[in-house]
There are 2 protein chains.
Amino acid sequence: MSRAQRWIDDQGERPTRERVLDAAMQLFHAQGYTATGIAAILERADLNPGSLFHFFPTKEDLVLALLDRYLTLLDPMVIAPVFERITDPIERVFGILDGYRRMLVSTECALGCPIGNLALELSDTHPKVRAKVAANFDQWCAAVRGCLDAGRNRLPPKTDTDRLATFVLTVMEGAVMQAKAQRSLDPYDQSVAELRAYFDRLLAEASDWKKPRSS
Amino acid sequence: MSRAQRWIDDQGERPTRERVLDAAMQLFHAQGYTATGIAAILERADLNPGSLFHFFPTKEDLVLALLDRYLTLLDPMVIAPVFERITDPIERVFGILDGYRRMLVSTECALGCPIGNLALELSDTHPKVRAKVAANFDQWCAAVRGCLDAGRNRLPPKTDTDRLATFVLTVMEGAVMQAKAQRSLDPYDQSVAELRAYFDRLLAEASDWKKPRSS
DNA sequence: GTCTATAACTCGATAGAC
DNA sequence: GTCTATCGAGTTATAGAC
């Protein structure tokens, strides 16, 4: 059983509202927002229109609530499992990236990042969705920046950890996109390997500062 | 007048097929594939259903033809203008990235990369679209790899230019996505600045190999 | 809060004249 | 190759009973 399923089951009997969100989460991730009809969500949740529209007056309300859920799930689903396994702050960043790799493996690179998908599909036309996507990105970056700040002493003194955290998110999203388009892990692994090469150089440079025997 | 408009006008009076593609290109870029109805394309092209379906029996045929056009436009629209201005092979890579920055500025960060948008929206459900998106990414990477190969002597000897070109595309797509989600150039500029910092270190490392006074 | 039935509309695609 | 008219299915959302 997946960790996500366990998280859901641990909540006990799912109330209607949560069942709607469960179904929407899966279908929006697999097919996109516009391509997923309300009817498909109702069928998967085994519910009738009246129940859904009682909680979510419009389809947009539904996706907004889903993005709130993703914000809530970021820590227990994405961050905490990595922090349990790994203590080194820099390695935690690559542990998070490895979490996305596992997602790609388990979906055969088909689905990609649920937030990134919504970002590109709806940012132009749905301002409220765009704002909540941005909030999800902000929180993701803040978590990575926390790792980088914790490992500050091993990075070059003038490192802008905010900028570097943004860059890590950029690499993750760009790499997941290419993996999805190529249906292959290669672009993801190649991109993370280059990011690792960059970090190696940052770490080496910082350790030169500490023990400046040369130069 | 934009370079794109000039390119279009230089073709002379637009035949029907091209007018359909022009309209689809703009609307798919601005609203996405599923959210754009055939009716909207017909209205923008000032055409009737019979004309469109004569050339494109299905909506999917239309987006496939559009991706063929993007493949054709890559060199004259994205690569060649940069190569005219810039001769240094490494700077050409950053010149290409600056081209995307200009696109972000002129659209107020709203639209993002037309190929990337289609990649995330349709890769799951439209295998033929996914394949053509992948072909576009391949050609983009090949162009960047060409620059990196031309600047090979200034990069560390064991540099994998294929992997590095994939990384450049990863950074571009991830950065454009965040710029669109945040409706701000900041994530794009920050990401490109980090990529530049990485290249600076690669170039410095290679020049150390050439003149190995230290170590 | 959940049910059934359906309104009001838009979708992609087609038919057949010219 | 382009026109007008429209089909049938699918869309989001609503009405009103329970």
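## Surface near DNA strand D

In this predicted model, helix H4 (49-55) of chain A and helix H4 (49-55) of chain B each supply at least two residues of the surface near DNA strand D, where helices are DSSP runs of H or I with at least four residues, numbered from the N terminus, and a residue is near a strand if one of its heavy atoms lies within 4 Å of it. The largest share of this surface, five residues, comes from H4(B). There are 14 residues around DNA strand D, and those that come nearest are A:Ile38, A:Lys59, B:Thr16, B:Asn48 and B:His54. By class, the surface has five nonpolar, eight polar and one charged residues, with Ala, Val, Leu, Ile, Met, Phe, Trp, Tyr, Cys and Pro counted as nonpolar, Asp, Glu, Lys and Arg as charged, and the others, Gly among them, as polar.

Sugar or phosphate accounts for 66% of the atoms of DNA strand D within 4 Å of the protein, and bases for the rest.

## Cavities

Two cavities of 30 Å³ or more are counted, a cavity being a set of points on a 1 Å grid over the protein atoms alone where a 1.4 Å probe fits but cannot get out, with lining residues having an atom within 4 Å of a point. The largest cavity has a volume of about 60 Å³, a volume being the space filled by probe spheres set on the points, which are joined across faces, edges and corners. Helix H7 (114-122) of chain A, together with helix H2 (16-31) and helix H7 (114-122) of chain B, are the elements that give two or more residues to its lining. The lining of the largest cavity includes A:Asp124, B:His29 and B:Lys180, and its residues divide into three nonpolar, five polar and four charged.

The second largest cavity holds about 40 Å³ of space, and H7 of chain A and H7 of chain B each supply at least two residues of its lining. Among the residues that line this second cavity are A:Phe28, A:Lys180 and B:Asp124, and by class its lining has two nonpolar, two polar and four charged residues.

## Basis of the values

Residues are numbered from 1 along each chain as its sequence is written, while chains are lettered from A and ligands numbered from 1 in the order in which they are written. In this predicted model, local features need pLDDT of at least 70 and side-chain atom pairs count only at pLDDT 80 or more, whereas totals for chains, interfaces and linings use all residues, and side-chain values use heavy atoms, with hydrogens and water left out.

How values were computed
1 Å grid on protein atoms, 1.4 Å probe; cavity = no way out; pocket = protein on both sides within 12 Å on 5 of 7 lines; lining within 4 Å.
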